[in-house]
Amino acid sequence: MLKKEIYLIFLSSLLIFSCEEPIELQLNNNQSSIVVEGYIEPHLPSYVFLSKSQSFFDEINEDLINNISVTNAKVTVTRDDGEKRSLTHVSQEIIDSISNYLNITSIELPFNSIYIDLNPSFEEFNQTGHSYKLDIEVNDRIITANTFMPPEIDIDSVWCKCGSDSTFSTDCYIWVAINDPDTLGNILYAQYRRYDGENIDKSLRICSRFLRRDNIFNGKKYSTYFSRSGVLINEDSNAGQLPFYSKRIENGMMLKEDKVIFKISQINHKTYLFLRSKKMQQELYNNPFGESINLINNIEGGLGTWSGYGALYYDISIQDSMVVYESVKPVITDLFIL
């Protein structure tokens with residue numbers, strides 16, 4: 001698959017994500033494909049980004065982003081019980097108007113090709129345990145995809161732990177106590193966004209070891225931790241893991257602790273394959289001797305992903321022994337650049 005086309009799938013600020021088999025893409029440089037990036041989860045309206053793929057040699061600039069945006073598509077989502085919703089193309093002007101009306105910080109769209117379910121009852125439509133079919137009509141093309149929204153993970157609590165058992169440190173990790181159901185094959189996907197403190201994240205990022213299966217912990221209650229990034233080197237010392245930070249003094253200045261929106265989702269197997277292959281592709285570009293990897297996707301008639309998340313959000317200040325028991329209801333600004 002062409003490197004530029006892979007990039008375009010993730011051009012939005014989201015966080016950021018399945019056919020049964022890898023596919024070989026033989027694309028004609030004179031004919032672009034439709035690139036789909038769509039998501040559905042509880043408590044947030046479903047949304048889809050649409051763009052056109054470009055040649056590897058095309059320079060990415062503002063003009064290109066405007067040219068690849070698809071703004072004339074008909075997009076619908078149908079639940080497995082037959083209930084259907086139409087998604088509306090939303091321009092930056094509409095977003096600004098809505099932001100002013102709701103008296104919230106304006107959201108900056110990454111490019112002008114987002115379609116959103118604007119029906120006020122979207123929460124009644126977005127229910128875990130259901131399958132959802134995506135249909136897209138654009139010019140003479142028909143694009144379809146299917147996904148399943150798994151139930152949310154059964155979580156007892158989320159807390160921070162800083163340093164080791166015997167010493168305190170400003171280096172902290174987010175821990176989660178999980179009740180895994182007695183059904184093999186559950187998969188979790190972990191993301192975070194720091195919204196206060198130093199080095200604020202403008203969008204959701206993936207945690208280190210962001211995909212985890214329940215092969216070892218199936219049917220058990222267990223605790224596990226999450227860091228910002230890095231590669232686990234030592235199971236006992238968290239070596240190689242980039243931490244979150246509590247209040248600390250750096251260069252003679254007192255810095256605030258990180259405040260984090262922590263998102264943990266249960267995903268289906270196809271979404272897992274997509275996310276894993278996407279990460280492997282990203283790592284491949286840092287290795288000139290790596291073997292080419294096909295990006296696994298679930299879009300018929302195009303490229304990309306249509307993914308369902310059984311998502312939970314936790315709002316936590318990074319302080320040693322801080323414990324959070326209740327998830328919070330997400331808002332759309334948890335997804336997009338402010």
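Q: Is Arg-85 buried or exposed?
A: Buried means under 20% relative accessible area, exposed over 50%, and partly exposed in between, using a 1.4 Å probe and protein chains only. The relative accessible area of Arg-85 is 9%, so Arg-85 counts as buried.

Q: What kind of model is this?
A: Residues are numbered from 1 along each chain as its sequence is written, and side-chain values use heavy atoms, with hydrogens and water left out. Local features need pLDDT of at least 70, side-chain atom pairs count only at pLDDT 80 or more, and totals for chains, interfaces and linings use all residues, since the model is predicted.

Q: Which residue forms a salt bridge with Arg-85 at 3.2 Å?
A: A salt bridge is a side-chain nitrogen of Lys or Arg within 4 Å of a carboxyl oxygen of Asp or Glu. At 3.2 Å between the closest N and O atoms, this pair meets that rule.

Q: Which residue in the loop between strand S5 and helix H4 pairs with Arg-85?
A: Helices (H or I, at least four residues) and strands (E, at least two) are DSSP runs, numbered from the N terminus. A salt bridge reaches Arg-85 with closest N and O atoms 3.7 Å apart. That pair links distant parts of the chain, 32 residues apart, with Arg-85 in strand S4 (residues 84–90). The partner in the loop is Asp-117.

Q: Which residues are joined with Arg-85 into one network of salt bridges?
A: Side chains of opposite charge can pair when their charged atoms come close. Here, salt bridges that share partners join Arg-85 into one network with Arg-79, Asp-81, Glu-83 and Asp-117.

Q: What is the nearest side chain of opposite charge to Arg-228?
A: Lys and Arg count as positive and Asp and Glu as negative, while His and the chain ends are not counted. Arg-228 is buried yet has no salt bridge. A polar atom of the Arg-228 side chain does lie 2.9 Å from the backbone oxygen of Pro-243. At 5.1 Å from Arg-228, the nearest side chain of opposite charge is that of Asp-258.

Q: Which cysteine is joined to Cys-162 by a disulfide?
A: A disulfide is a pair of cysteine sulfur atoms within 2.5 Å, and a search of the whole structure finds one. Its two sulfurs are 2.0 Å apart. The pair links distant parts of the chain, strand S8 and strand S9, ten residues apart. The cysteine joined to Cys-162 is Cys-172.

Q: How far from Cys-160 is the nearest cysteine sulfur?
A: Cys-160 is buried, with a relative accessible area of 1%. Cys-160 is in no disulfide. The nearest cysteine sulfur, that of Cys-162, is at a distance of 6.1 Å.

Q: Which residues of the largest nonpolar core touch the most other members?
A: A nonpolar core is a set of buried Ala, Val, Leu, Ile, Met, Phe, Trp, Tyr and Cys residues joined through side-chain atoms within 4.5 Å. The largest one has 24 residues. Those that touch the most other members are Ile-155, Ile-174, Phe-262 and Ile-264.

Q: How far apart in space are Tyr-39 and Met-149?
A: Tyr-39 is found in strand S1 (residues 34–41), where it is buried with a relative accessible area of 1%. Tyr-39 and Met-149 are 110 residues apart in sequence. In space, C-alpha to C-alpha, their separation is 9.9 Å.

Note on methods
A polar contact is a pair of N or O atoms within 3.5 Å; within protein, one must be able to donate a hydrogen and the other to accept it, and residues adjacent in sequence count only if both atoms are side-chain atoms.
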